[in-house]
Amino acid sequence: MGYIYLVCAILFNSLGNAAVKVHGLKGFVTSGTLRDMIVGNFYFFAALMLFALNLVMYSLALHRIPLSLGYAIMAVASFVLVNTFSFFYFREHISPVQILGYVCILVGISLVILFEYRDWE
């Protein structure tokens, strides 16, 4: 069950980051009625909610799996999802050198995950 919570946390975290980006592109609405400001800043409030849900799910996941493993999976999966979304949805440029860097990060974190419980002594 811990890994189900972790997957939910990863999705909420990634969606929260995308909502922050969308809100950043639109900018803050600071004039008009309170309703206008709430509606105009929808993506900001959506990001807050998504990050809050991320925190709840991540906390539940860490209750069941080790932090060193959960954090590594969360970091890599969020990294991959956010960068993939940025490339396809926001049309952000990713150079071949960046892709090489991503591969190195994935390999490194994979080694941490794979050999977490190995005793080398």
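Modeller: Phe 90 is buried, with a relative accessible area of 17% (buried is under 20%, exposed over 50%, partly exposed in between; 1.4 Å probe, protein chains only). This is a predicted model: local features need pLDDT of at least 70, side-chain atom pairs count only at pLDDT 80 or more, and totals for chains, interfaces and linings use all residues. Residues are numbered from 1 along each chain as its sequence is written, and side-chain values use heavy atoms, with hydrogens and water left out.

Biologist: Which charged end sits over the ring of Phe 90?

Modeller: That of Lys 21, 5.8 Å from the ring centre. The criterion is NZ of Lys or CZ of Arg within 6 Å of the ring centre and within 35 degrees of the ring normal.

Biologist: How many aromatic pairs does the structure hold?

Modeller: Eight. Rings of Phe, Tyr and Trp (its six-membered ring) pair if their centres lie within 6.5 Å; planes under 30 degrees apart are stacked, over 60 edge-to-face, the rest tilted. One of the pairs is Phe 79 with Tyr 102, edge-to-face at 4.9 Å centre to centre and 85° between the planes. That pair links distant parts of the chain, helix α4 and helix α5 (residues 96-114), 23 residues apart. Helices are DSSP runs (H or I, at least four residues), numbered from the N terminus.

Biologist: Is Tyr 102 buried or exposed?

Modeller: Buried, at 18%. Phe 79 is partly exposed, at 25%.

Biologist: New topic. Where is Ser 86?

Modeller: In helix α4 (residues 67-88). Ser 86 is buried, at 11%. Leaving aside neighbours within four places in sequence, Ser 86 is in contact (heavy atoms within 4.5 Å) with Arg 91 and Glu 92.

Definitions and conventions. Helices (H or I, at least four residues) and strands (E, at least two) are DSSP runs, numbered from the N terminus.
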